[in-house]
Amino acid sequence: MAKLWKQVRVVTVGELMLDYEDIDVEFDVKCSDDNKSDTATIKIYNLSETTKNKLQTNQIVNIDAGYRELHQSIFGGLVESIRTYRDGNDLVTVIVASPNNRAYTNTAVNVQFKAGIKASEILKQLEKSIPFKIDVKELAKDTAYPNGKVFSNRLSNVVSILAKDTGTIARFTDTTIEFKVPGKAYSTTLKLGSEQGLIRVEKQEEKAEVGKNKKENKKRQEKQKYTIEAFLVPLVKIGQKLQIESSVWNGEGIVKECTYTAGDVETFSVNAILEVL
C-alpha cells in the first residue's frame, strides 16, 4: 500500500473546487450496506460572499479523500441543503448532500410483465426506464412469476420488493442500484494492519434472536461483527473484503457500515463495522 502522508481533501460542488490546501474543509460521510441513503455533511470555513453565492441546491457533489499517494472519490451525490452560521470568528458554511434521493424515491414505475418472467429479466427491462444503472452482482434466487408481475409504485418500493423476492441486499448510489447476496464479498482482499493504517479493533457484542413458535425455537445467531478504526484509507468502503491483522482479531470480514471523518488536521479517519466471513 502507498505511504499514508499528506492528506487529500477535495470537495467539488458544481464547477467549484474546494481544496484543503487552500481553505479549511471538514466532512462527515456515513455509508451503509442497505437500501438507506448515504449522507455527507461538509463544512467549509470563511468562504467569500462571491463563492457562497455559487453554491446551489441540486448541484453535483464529489468528495475526493485519502493521502497524496492513495486517494479517490469516497462520495458522490447532490446538494440537499446549504446554510451558513457564525462560530466565534469563523463563518461556517454547511452543505448536506446525498445520492440522487429524489430520483430514487420519486421515480414512478408503472409496468406490467408477462407470465413466467424471472426477476433477472425484470431487472434488465427496468433499467431501461429509470435514471440508474442496475448492477446485479448475484441473486440468491431468480424468482419466477407464473402470473406475471405488475408494478405501480415508486422506484424505491419496487427495488425493496425485488430485493426481498430474490434474497438480496439492494444498495443505491448517485448512479447505480446494486443487488447482491448478503454475507458475500465481491471484491479482492485488502490487507489492513498497523502498517496499513489500522488504529483500533473492537469486538461487538453478539446478539441472539429467539423464534416465537416451536418451529423457530432456536437461537439464530447473527454473524460476529467487529468495529475498526483506521487512517482515512479510501479503499475501506462498503462491500470491501478486509484481511485484518491485529492483537484483538485476525481474520477476514466485509465492510457493512463506514464513516469517513475529516475534522482538524489530526482528525482524519474511517470507522467501519465488519461482518466476519
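Here is a short chat about a predicted model, with a helix, a sheet and a pocket as its topics.

Trainee: What makes Ala119, Ile122, Leu123 and Leu126 of helix 3 count as buried?

Mentor: The cut-off is under 20% relative accessible area. Those four are the residues of helix 3 (residues 119–127) that come out as buried.

Trainee: How do you know which side of helix 3 they sit on?

Mentor: Look at the arc around the axis: they cover only 100 degrees, which puts them on the same side of helix 3.

Trainee: What makes strand 13 and strand 14 a pair?

Mentor: You need at least two bridges between two strands. Strand 13 and strand 14 have 4, in the antiparallel sense, so they count as a pair. One of the bridge partners in strand 14 is Lys180, which goes with Ile169.

Trainee: And the largest pocket, what is its volume?

Mentor: About 600 Å³. Of its 26 lining residues, Arg171, Thr173, Glu178, Lys237 and Ile238 are closest to the centre.

Trainee: Which strand gives the largest share of the lining?

Mentor: Strand 6 does, with 5 residues.

Trainee: How does the lining divide into nonpolar, polar and charged?

Mentor: There are 9 nonpolar, 9 polar and 8 charged residues.

Terms used:
Residues numbered from 1 in each chain as written. Predicted model: local features only at pLDDT ≥ 70, side-chain atom pairs only at ≥ 80, totals over all residues. Heavy atoms only, no water. Buried < 20%, exposed > 50% of the residue type's maximum accessible area, 1.4 Å probe, protein only. Helix = DSSP H or I, 4+ residues; strand = E, 2+ residues; numbered from the N terminus. Arc of directions from axis to C-beta. 1 Å grid on protein atoms, 1.4 Å probe; cavity = no way out; pocket = protein on both sides within 12 Å on 5 of 7 lines; lining within 4 Å. Points joined across faces, edges and corners; volume = space filled by probe spheres on them. Nonpolar A, V, L, I, M, F, W, Y, C, P; charged D, E, K, R; others polar.
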